[in-house]
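This report describes how the parts of one protein chain pack against one another. Please look over the sequence and the structure before reading on.

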Amino acid sequence: MSAPLVSWNAMPGSALRGTLEIPGDKSVSHRAIMLASLADGVSRIDGFLEGEDARATESIFRRLGVRIDTPQAGSRIVHGVGIDGLRAPSTPLDCGNAGTAMRLLAGLLAGQPFDSVLVGDASLSKRPMHRVTVPLARMGARIDTADGGLPPLQVHGATRLQGIEFIADVASAQVKSAVLLAGLFTEGSTTVIEPQPTRDYTERMLAAFGWPLTFSPGRAIVPGGHRLRATDVHIPADFSSAAFFIVAATLVPGSGLRLRRVGMNPRRIGLLHVLRLMGADITVETADEQGGEPVADLVVRHAPLHGIEVPVEHVADMIDEFPALFVAAACAQGVTTVRGAAELRVKESDRIATVAAGLRTLGIGVDESPDGARIHGGELRGGRVDSHGDHRVAMAFAVAAQCARDAVIIEDVANVATSFPGFVELGQAAGFGLAREGGLPAALAVDRTS
Ligand code: S3P
């Protein structure tokens, strides 16, 4: 399922103003479908992300025999089949571009009595799966990969898995979650210990669905052999999608944006801390709780940024935000240094290489290292950049274009629909100069020097 090549034409628009509703959280949307499907009873989900990744997970659970109704966009009613109620699929299950779907499902399906096959698109088919298949094999799972530990995954039905203690060597919520979800189907308990704490949505949501686990930052213990109780899930706006507007409003003079009810899970907001260290003006207002997750309005005003050494302790908490951060660094005064972020090399693209290449095209000096980069802040010029089919790289360059001297053509952007449907329209409404190929009226370009 390779996306057709689509490009954007982006250039400075106007100051970013207004109040924006950002789409629902992708990580939470995947997990809500998975746990509601395995629960006893009917769960209602609202704030569901109508993006291709979350919908891939939804389609897979339909194929596994779960009835899921859509009363309206952003809402789902999931008729759970119970922990032992999934049905064998007759053909391969397509995860599309979604690494979260493939890795979490590897764990969940390893505990089923039937065989299944997980496939993905061209980008997902290049992403490493040994990180989940190796610990799952220790639990008794039988999963075959293609050469080099790549998809597709052939998951062989297991009678019963064994609980393990797994000390992860990579800080990855997907790996942790794959093992914990397999742990639902084990004899005994499964413990995961992380090198650094990562997002804990699987743990929080298992608890909300009544599974008796224990967890604290960096550690979770799941006993096997219980049942999940249906519950309603209210999904907050995705901080990772909000990040593009946070950076854009910071960079564009005269901006003042309010982003409504954004998910503020402490394991997701590393970018907020790092941008503030660089001089950003971001206020957290009306902090609240929604379905067990902290949410808040974020008010962002333009502020000049300066380069910093990004503290390594924030890296895991902003792992999806580096494309946006690299753009902020490109527009900051001085040098920004990122270390300890080698995971960026195995995301939807090699995000160090793809963002560095695009920024160089736009006139910015970037020195790459295996686990990060040094970005020399400067003046951005226009040019043609390639997002390599990576949704977050495409959106980051749309932000960069708001500060560039000339138009930026951003190629291969169709995958933005995986995480942020409506990005172009929301960006335009906020003041971005941004249009699909060939569609940017010259009048949208505003000369900020006058
Ligand atoms: C995710 C975990 C992160 C993140 C991804 C979503 C999740 O991946 O990059 O976008 O929902 O668990 P890793 O586990 O590979 O760090």
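## Aromatic residues in the interior

Phe420 and Phe423 are both buried. The model discussed here is predicted. Eight aromatic pairs occur in the structure. In one of them, the ring centres of Phe245 and Phe432 are 5.4 Å apart and the planes stand at 50°, so this pair is classed as tilted. The pair joins distant parts of the chain, since 187 residues separate its two members. Phe245 belongs to helix H7, whereas Phe432 sits in the loop between helix H12 (423-430) and strand E25 (433-436).

Phe245 counts as buried because its relative accessibility is 0%, and residues are called buried under 20%. Phe432 likewise counts as buried, because its relative accessibility is 0%. Phe420 and Phe423 make up an edge-to-face aromatic pair, with 5.3 Å from centre to centre and 70° between the planes.

## Nonpolar cores

In soluble globular proteins, nonpolar side chains tend to be buried together. In this model, the largest nonpolar core contains 82 residues. Trp8, Phe245, Leu275 and Phe423 have the most contacts inside this core. The element that gives the most to the core is helix H7 (residues 239-251), which supplies 10 residues.

Another core, of 67 residues, lies apart from the largest one. Among its residues are Leu118, Leu136, Leu153 and Ala220.

## Helix H9 and its two partners

Two packed helices are described by the angle between their axes and the distance between the axes. For helix H9 (residues 322-330) and helix H11 (residues 391-401), the axes come within 8 Å and cross at roughly 25°. H9 and H11 are therefore roughly parallel to each other, as angles under 35 degrees are counted in this way. The crossing in which H9 passes H11 is right-handed. On the H9 side, Pro323, Ala324 and Val327 take part, and they meet Arg392, Val393, Ala396, Val399 and Ala400 in H11.

H9 also packs with helix H10 (residues 351-361), at an angle of about 35° and with the axes 10 Å apart. Here too, the crossing of H9 past H10 is right-handed. Pro323, Phe326 and Ala330 in H9 meet Arg351, Ile352, Val355 and Leu359 in H10.

## Helices H3 and H5

Helix H3 (residues 99-110) and helix H5 (residues 173-183) have axes that come within 6 Å and cross at roughly 30°. This makes H3 roughly parallel to H5. H3 passes H5 in a right-handed crossing.

The residues of H3 that make the contact are Gly99, Thr100, Arg103, Leu104, Gly107 and Leu108. Their counterparts in H5 are Gln174, Ser177, Ala178, Leu181 and Ala182.

## A buried glutamate

When neighbours within four places in sequence are left aside, Glu58 is in contact with Ile33, Phe48, Ile68, Thr70 and Arg76.

How values were computed:
Residues are numbered from 1 along each chain as its sequence is written. This is a predicted model: local features need pLDDT of at least 70, side-chain atom pairs count only at pLDDT 80 or more; totals for chains, interfaces and linings use all residues. Side-chain values use heavy atoms; hydrogens and water are left out. A nonpolar core is a set of buried Ala, Val, Leu, Ile, Met, Phe, Trp, Tyr and Cys residues joined through side-chain atoms within 4.5 Å. Buried means under 20% relative accessible area, exposed over 50%, partly exposed in between (1.4 Å probe, protein chains only). Helices (H or I, at least four residues) and strands (E, at least two) are DSSP runs, numbered from the N terminus. Rings of Phe, Tyr and Trp (its six-membered ring) pair if their centres lie within 6.5 Å; planes under 30 degrees apart count as stacked, over 60 as edge-to-face and the rest as tilted. Axes are lines fitted to C-alpha atoms, for helices over the stretch in contact, and angles run from 0 to 180 degrees between N-to-C directions. Angles under 35 degrees count as roughly parallel, over 145 as roughly antiparallel, 65 to 115 as roughly perpendicular and the rest as oblique. A crossing is left-handed if the near helix is turned anticlockwise from the far one by less than a right angle, and right-handed if clockwise. Contact means heavy atoms within 4.5 Å.
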